[in-house]
Protein chains: 2
Amino acid sequence: MARSLLYPDSPATAVRLAESVWTPDSPRLPSAQFPAWLAERAAATEFAVAPIPFERARGWGFDERTGDLRHASGRFFAVEGLAVASAQGDWEQPIIVQPEIGILGIVVKEFDGVLHCLMQAKVEPGNVNGVQLSPTVQATHSNYTRVHQGREIPYLELFTRRANARVLVDVLQSEQGSWFLHKRNRNMVVEVTEDIPTLDDFCWLTLGQLQAMLRVDNLVNMDARTVLSCLPFARPGAPADADPFVTALTRSLDPALGARHRDADVRSWFTEAKTRSELTVRRRPLDGVAGWSRDGERIGRADGRHFQIIAVDVTAGSREVSRWSQPLLAPAERGVVAFLARRFDGVLHFLVHARVQHGYLDRVEMAPTVQCLPGSHPDPAVRPRFLDYLLGIDPARIRYDVLQSEEGGRFHHAVNRYVVAEVDADFPTEVPPDYLWVALHQLIELLRHSHYLNVEARSLVTCLHSLW
Amino acid sequence: MARSLLYPDSPATAVRLAESVWTPDSPRLPSAQFPAWLAERAAATEFAVAPIPFERARGWGFDERTGDLRHASGRFFAVEGLAVASAQGDWEQPIIVQPEIGILGIVVKEFDGVLHCLMQAKVEPGNVNGVQLSPTVQATHSNYTRVHQGREIPYLELFTRRANARVLVDVLQSEQGSWFLHKRNRNMVVEVTEDIPTLDDFCWLTLGQLQAMLRVDNLVNMDARTVLSCLPFARPGAPADADPFVTALTRSLDPALGARHRDADVRSWFTEAKTRSELTVRRRPLDGVAGWSRDGERIGRADGRHFQIIAVDVTAGSREVSRWSQPLLAPAERGVVAFLARRFDGVLHFLVHARVQHGYLDRVEMAPTVQCLPGSHPDPAVRPRFLDYLLGIDPARIRYDVLQSEEGGRFHHAVNRYVVAEVDADFPTEVPPDYLWVALHQLIELLRHSHYLNVEARSLVTCLHSLW
């Protein structure tokens, strides 16, 4: 019989992912040895970061006419100004402009019948703790289209020339909508079957191992979390757990159990939010941004809220030493990113916020219930909704509470407290029109497509997978 | 037992749509009486359209500084200039700027157990033939948020306050990417169960009746075609037809039969096309647009290619007479919009083009194999790909060939020849990287989401449904 010309879009992928999820350890790098391996990689990494005045940031300068902060080559990114007019108010702010599309990619491969992810111990200048666990590849477009001018990026070809690779995930997703203008990256997972070398700084981990690491502060970096969130997870073989929360979470993965709102209604709610949103965004010279000022070492607000722009000098490398300067965005404080959750008929739902943010390509994305820097919104009249409820919740209702870092290549010590908490019975089931109770299987389905879930919601979805 | 709090996302909708598809006639308005009904509505419609010089277009004028063509109120839309730099070349052109999101909505309701669509006989100033069959509601955002200032739009509340309506479709979709900048409309289908009046100019038709009408030139308008394309069609109960083309088309609706490319690979191909595309779009004053000039009656090119901007005066209404002027975009000629199709293992696939267009919010959407004004690309070196193949194809291979109109509210006599043709065995299975063979069930799945299929591809998908 002739080989069929058609490929099924196999649900076998979900089963194979589940097998990896249910494999909590692996002889490739036993979990007990992982801390020592990571410490060794950190020790082998020579990396020094020092704050410097802008004038000492080599290659970077303020445009004479606009005050925009740019690299002389025109590459990398720029800090410009933005004027925002929205239903939440009007304001101006600096913003990072980086329109290029980079690749965040994880290679997966079967060892002994179980999928493993090729992860990298990678240091970034803004990390609070030096080395974190990163995807196989993090490459900006400048990086990967001009590799002949610099060091080759290991494993990049597995994503750009995929002759022997099978794509599991390949989707554009946005990044921080309050700090970036129209930034998005290509989130990719490819499976290879050929033998590939395991370079220094790289290790193979099962999804079960990675999910355990998501319960550790500042270990799995933002780029890894967003890529992992886009995998088509199901949970066949979830244990009939005695814990009713885990049971409700497992049921939330099963489309056959339905949900509080039909899929068509979830999409309609999102369309309605986009139609309703009023947002005007105008780029303007950084020099003229109202409420912000610049001295030799920082661009910030007099009240210290939101963030500052600073510059750092970086020295890296053991064999080839490389050295560069760059700006970083330093948030004013630790943020809070949280899903409130509630069971309906024993199925866990998450309270999703249709959030207008000025940096998104299309104005609105689905966000966690709470996402803010609490100290930057002290006025009780405009306190972020559900923040005070979350901060006052019975600790016994908190199911996940871990510090996670945002991207250390652009942000300085940007750490958020990621929380999942179950509301009590008094919490209203009817919520404001820009919020909706959504089941996990509905979020996972939407993650096949661009620009539904924002980066904070994607991170939280990945964290949820660590709760089994 | 307590009522479940959860709704299943029911596949019953597809079954009910199929029942409507397989109902070729209806006592609500028998197909044999439809021509007479439409002629009566046309006769009852007083409507006169006359080309006028721009200076006589009341309310419209050219901005003194930029030459942009605008309404004095700032409402409706504007004609501005655009400079485009792309891999296909650099050029400048006028473009219609209409950033507001309107509603294109069809009400459906069961009569005798079969879903019927509430369609409207509607005249638009740019139509070649006066009245066409339109959705229940076509409303710009200015229309529907300021209705107190004008006539009420019938049935609008069924879309804006949906207490008793069930949403089947609610998705933002783009419109012509070469003529509009970032224009999109909310495509909606809502099902009602309550009794609602059937106003003059409105009629109830089954999907089977509508699909027969899609084989008639210039009858079902563009807005109706795009809304219908977003319905979650399946084809349970398709006949075991002797015609191998119809059999292959039926098989193309069945996800269980798979496809030439996995769903993940279709999405990856689309992501790759967006990442690869190089497109820079700058707005500029209409006065300075290179290659275009304005006289008292038109804005156009010396070579007559592409399109002109003209103005018309419109008198409408039988009871309340209303009169207005407006600009229209008049294409230079009849266009060609075509899918080439091919069977793989007996499953029909369509050759989809990842098309870069300057008016899209995100640069690339999936387009038909051929989409162009043939006379505007006479140079054989840059002839649109597959156009000459299509024009020379054996007529026996043409499965659909009908003239369809584009939106008569903005375009003057914009008619395209919509074609579906099966390629012969010599046609290469390997195609250029921006083309892909895609099965119909894959297109239908993508139509649940915004900005995958462009308006021409959506129209063609609706036409395909008329081929059973």
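Through which surface do the copies meet? Of the interface residues of chain A, 98% are also interface residues in chain B, so the copies meet through the same surface.

This is a predicted model, in which local features need pLDDT of at least 70 and side-chain atom pairs count only at pLDDT 80 or more, while totals for chains, interfaces and linings use all residues. Residues are numbered from 1 along each chain as its sequence is written, chains are lettered from A and ligands numbered from 1 in the order in which they are written, and side-chain values use heavy atoms, with hydrogens and water left out.

**The two chains together**

Begin by displaying both chains. A rotation of 180° with 0.0 Å of shift along its axis superposes chain A on chain B, with an RMSD of 0.0 Å. That is the relation of a two-fold axis. Copies are superposed here by least squares on the C-alpha atoms of residues with pLDDT of at least 70 in both.

**The interface**

Next, select the residues in contact (heavy atoms within 4.5 Å): 45 residues of chain A meet 44 residues of chain B. About 4,000 Å² is buried between chain A and chain B, and carbon and sulfur atoms give 46% of that area. Buried area is the accessible area (1.4 Å probe) that two parts lose on being put together, summed over both. Now pick A:L6, A:R262 and A:T275, which supply 17% of the area that chain A buries against chain B, more than any other three residues.

The term denotes a side-chain nitrogen of Lys or Arg within 4 Å of a carboxyl oxygen of Asp or Glu, and four salt bridges are found across the interface of chain A and chain B.

Colour α8 (263–276) of chain A, one of the elements that give two or more residues to the side touching chain B. With nine residues, α8(A) gives the most to that side. Helices (H or I, at least four residues) and strands (E, at least two) are DSSP runs, numbered from the N terminus.

Select helix α6 (residues 222–229) of chain B: eight of its eight residues are buried. Buried means under 20% relative accessible area, exposed over 50%, and partly exposed in between (1.4 Å probe, protein chains only). Among the buried residues of α6(B) are B:M222, B:R225 and B:L228. At the N-terminal end, B:N221 caps α6(B), with a side-chain oxygen 3.2 Å from the backbone nitrogen of B:D223.

Move on to helix α7 (residues 244–251) of chain B, where the buried residues include B:F245, B:V246 and B:L249. Their cover includes β19 (335–344), β20 (347–356) and α11 (455–464) of chain B. Where α7(B) starts, a side-chain oxygen of B:D243 comes within 2.7 Å of the backbone nitrogen of B:F245.

**Loop residues**

Most residues other than glycine have a negative phi. A:Y155, however, has a positive phi of about 70°. Locate A:Y155 in the loop between α3 and α4 (157–160) of chain A; at 11% relative accessibility, A:Y155 counts as buried.

In chain B, select B:D201, in the loop between β12 (184–192) and β13 (202–206). The phi of B:D201 is near 75°, and B:D201 is partly exposed, with a relative accessible area of 23%.

Finish at B:P378, in the loop between β22 (370–372) and α9 (387–391) of chain B. B:P378 is partly exposed, at 42% relative accessible area. Not counting residues up to four places away in sequence, B:P378 touches B:R305 and B:R383. B:P378 and B:R305 are 73 residues apart along the chain, and their C-alpha atoms are separated by 9.9 Å.

Notes: A polar contact is a pair of N or O atoms within 3.5 Å; within protein, one must be able to donate a hydrogen and the other to accept it, and residues adjacent in sequence count only if both atoms are side-chain atoms.
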